[in-house]
Amino acid sequence: MRLMKDSLNIPVTLLVYHLSPLLLILFAKVSWVRHRDIHILTAGAYTYTSDQRFQALHRQNTGHSNEWSEWTLCIKWAQERDQGIYECQISTIPIKSYQFRLNVVVPTATILGGPELYVGAGSTINLTCAIRFSSEPPAFIFWYYNEKVLSYDSPRGGVSVITEKGGDVTTSWLLIQTAQPSDSGEYSCKPSNANTASIRVHVLNAEVAR
């Protein structure tokens, strides 16, 4: 199972396990175990961890034609350290259990062609920032120049940004026309839901470029 980690505070449902209500009433208790530290996270409706992000939810249907019981382990605000093997155990004799691996995928931003880029004076600086592994496109993407937010309406002019939000990858292009040596420096791409990616640009005079 793979989950996306992002900036939204949304409970994450890991697994749903269906059981017979009669079996639960007579014999069983449902427990959730984290294998990394052999920690019993929940047993029945009780939580046995100080981490308040974990919670067991129970829903039961006692209809005569379709009886079932549903137990769900929720982890709020999933983090990288949450990934690993989890197990749902039913305290029947013999014990019934189901294991699965949870992978938490962290959104990442990358500027293509880094970490150094050399361009000739008078050419166009074209920087491409790709944001991958995000459950949804970032709400915004800021570009920085030497740790200051880049102004698109500065007196220099010729600076523009194009952003394309796709299903799997969001791409932002920073275009700087007629590059000059004064445009050299560190450029950074900062999405709302991922790390900051940086690249150092060197604008070379025509003589040096040759």
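Me: What do buried, exposed and partly exposed mean here?
Reply: Buried means under 20% relative accessible area, exposed means over 50%, and partly exposed is in between. The model is a predicted one.

Me: OK, R156 then: buried or partly exposed?
Reply: R156 has a relative accessible area of 35%, so it is partly exposed.

Me: Which residue does R156 meet in a salt bridge?
Reply: The partner is D183, with N to O at 2.8 Å. D183 sits in the loop between β16 (169-176) and β17 (185-191), and R156 in the loop between β14 (148-149) and β15, so the pair ties together parts 27 residues apart in sequence.

Me: And is D183 buried or exposed?
Reply: D183 is buried, because its relative accessible area is 8%.

Me: How many salt bridges are there?
Reply: The count is five.

Me: Where do R53 and D82 lie?
Reply: R53 is in the loop between β5 (46-47) and β6 (54-62), while D82 is in the loop between β7 (67-76) and β8 (84-90). R53 and D82 are both buried.

Me: What does D37 form a salt bridge with?
Reply: D37 pairs with R34, and the closest N and O atoms are 2.8 Å apart. R34 is buried at 9% relative accessible area, whereas D37 is partly exposed at 36%.

Me: Changing topic. What is the strand order in the open sheet of four strands?
Reply: The order is β10-β12-β16-β15, and the pairing is antiparallel.

Me: Which strands stand at the edges?
Reply: β10 (108-111) and β15 (159-165) do. Each has a single partner strand, so one side of each is left without a neighbour in the sheet. On average, neighbouring strands of this sheet are turned by 15° against each other, direction ignored.

Me: How many bridges pair β10 with β12?
Reply: Four bridges, in the antiparallel sense, with β12 covering residues 125-132. One of the residues to look at is I111, whose bridge partner in β12 is C129.

Me: What does a disulfide join C129 to?
Reply: To C189, with S to S at 2.1 Å. The angle about the S-S bond is -75°, and the link is left-handed. C129 is in strand β12 and C189 in strand β17, 60 residues apart, so this pair links distant parts of the chain.

Me: How many disulfides does a search of the whole structure find?
Reply: One.

Me: Is C129 buried or exposed?
Reply: C129 is buried, with a relative accessible area of 0%. C189 is also at 0% and counts as buried.

Me: What about C74, buried or exposed?
Reply: Buried, at 6% relative accessible area. C88 counts as buried too, at 0%.

Me: Which strand is T128 in?
Reply: T128 is in β12. At 16% relative accessibility T128 counts as buried.

Me: Which side chain does the side chain of T128 make a polar contact with?
Reply: That of W173, at 3.3 Å. Leaving aside neighbours within four places in sequence, T128 is in contact with T110, I111, L112, T171, S172 and W173.

Me: Backbone next. Is the peptide bond from I93 to P94 cis or trans?
Reply: That bond is cis, with omega near 0°. P94 is in the loop between β8 and β9 (96-105).

Me: And which kind of peptide bond joins G114 and P115?
Reply: A cis one, with omega about 5°. P115 lies in the loop between β10 and β11 (116-120).

Me: Why point these out?
Reply: Because most peptide bonds are trans. Likewise, most residues other than glycine have a negative phi.

Me: What phi does N146 have?
Reply: A positive one of about 50°, although N146 is not a glycine. E147 is not a glycine either, and its phi is positive at about 70°.

Me: Where is N146?
Reply: N146 is in the loop between β13 (141-145) and β14. E147 is found in the loop between β13 and β14. N146 is partly exposed at 37% relative accessibility, and E147 is exposed at 69%.

Key: Residues numbered from 1 in each chain as written. Predicted model: local features only at pLDDT ≥ 70, side-chain atom pairs only at ≥ 80, totals over all residues. Heavy atoms only, no water. Pairing = 2+ DSSP bridges. Helix = DSSP H or I, 4+ residues; strand = E, 2+ residues; numbered from the N terminus. Axes fitted to C-alpha atoms, helices over the stretch in contact; angles between N-to-C directions. Salt bridge = Lys/Arg side-chain N within 4 Å of Asp/Glu carboxyl O. Buried < 20%, exposed > 50% of the residue type's maximum accessible area, 1.4 Å probe, protein only. Polar contact = N/O pair within 3.5 Å; in protein donor to acceptor, adjacent residues only side chain to side chain. Contact = heavy atoms within 4.5 Å. Disulfide = S-S within 2.5 Å.
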